[in-house]
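Have the structure up beside you as you read, starting with the pockets.

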Amino acid sequence: MESENQKVISEAEELPRTIVRRVVKEKLSHDGDDMSVHKDALLAFSESARIFIHYLSATANDICKESKRQTINADDVLTALQEIEFSHFLGPLKASLHEFRQKNAGKKAGAAKEKEEKKKRKLEELSHDNGGGERVENEDNQDGTGHA
């Protein structure tokens, strides 16, 4: 029974196989060779990445708790990478993080602008509908009796 529970937990924590396969093949294809990767090797890559993520997140969580915060931020992860002696990842990660923030800021600005335009159109439609409704009502009451 215990091994079944352990298997379910590990399956729930597994990284998506298609993504692991894509990342591994992408990195291997830089050499120009179209290399195939055995299923066991993909499993080993996936498990290694999962363990690394757990180790990194636990270290970042400790850093976060030391700062008396409850939310891990990017700086905690960067500090954790240094602490676990993977500082050679800092340059590429900082560049990737900067690019992500720029894209995200552009999306947020675009979304805010779109929201403002929708709000403006809605107000224009409401004012147009109210203005149009009054004219129709006035046209119906031209004889002064309140009846058309």
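1. Helix α2 supplies the largest share of the lining of the largest pocket, six residues. Helices here are DSSP runs of H or I with at least four residues, strands are E runs of at least two, and numbering starts from the N terminus. This is a predicted model, where local features need pLDDT of at least 70 and side-chain atom pairs count only at pLDDT 80 or more, while totals for chains, interfaces and linings use all residues. Residues are numbered from 1 along each chain as its sequence is written, and side-chain values use heavy atoms, with hydrogens and water left out.

2. That largest pocket has a volume of about 260 Å³. A pocket is an open set of points on a 1 Å grid over the protein atoms alone, where a 1.4 Å probe fits, with protein on both sides within 12 Å along at least five of seven lines; lining residues have an atom within 4 Å of a point. Volume is the space filled by probe spheres set on the points, which are joined across faces, edges and corners.

3. Who lines the largest pocket? Look for Leu 15, Ile 19, Val 20, Val 23, Val 24, Lys 27, Leu 28, Phe 45, Ser 48 and Ala 49. The elements giving two or more residues to this lining are α2 (17-28) and α3 (39-66). Sorted by class, the lining has eight nonpolar, one polar and one charged residues (Ala, Val, Leu, Ile, Met, Phe, Trp, Tyr, Cys and Pro are nonpolar; Asp, Glu, Lys and Arg are charged; the others, Gly among them, are polar).

4. The second largest pocket holds about 190 Å³ of space. Its lining includes Glu 14, Arg 17, Arg 21 and Lys 39, and by class it has four nonpolar, one polar and four charged residues. Here α3 gives the most, with four residues. Leu 15 and Val 20 are on this list and also on that of the largest pocket.

5. Zooming out, the protein chain has five helices and zero strands. Of its 148 residues, 11% count as buried, meaning under 20% relative accessible area with a 1.4 Å probe, protein chains only.

6. Is Thr 59 buried or exposed? Thr 59 is buried, because its relative accessible area is 8%. Leaving aside neighbours within four places in sequence, Thr 59 is in contact (heavy atoms within 4.5 Å) with Ala 80, Glu 83 and Ile 84.

Conventions:
Buried < 20%, exposed > 50% of the residue type's maximum accessible area, 1.4 Å probe, protein only.
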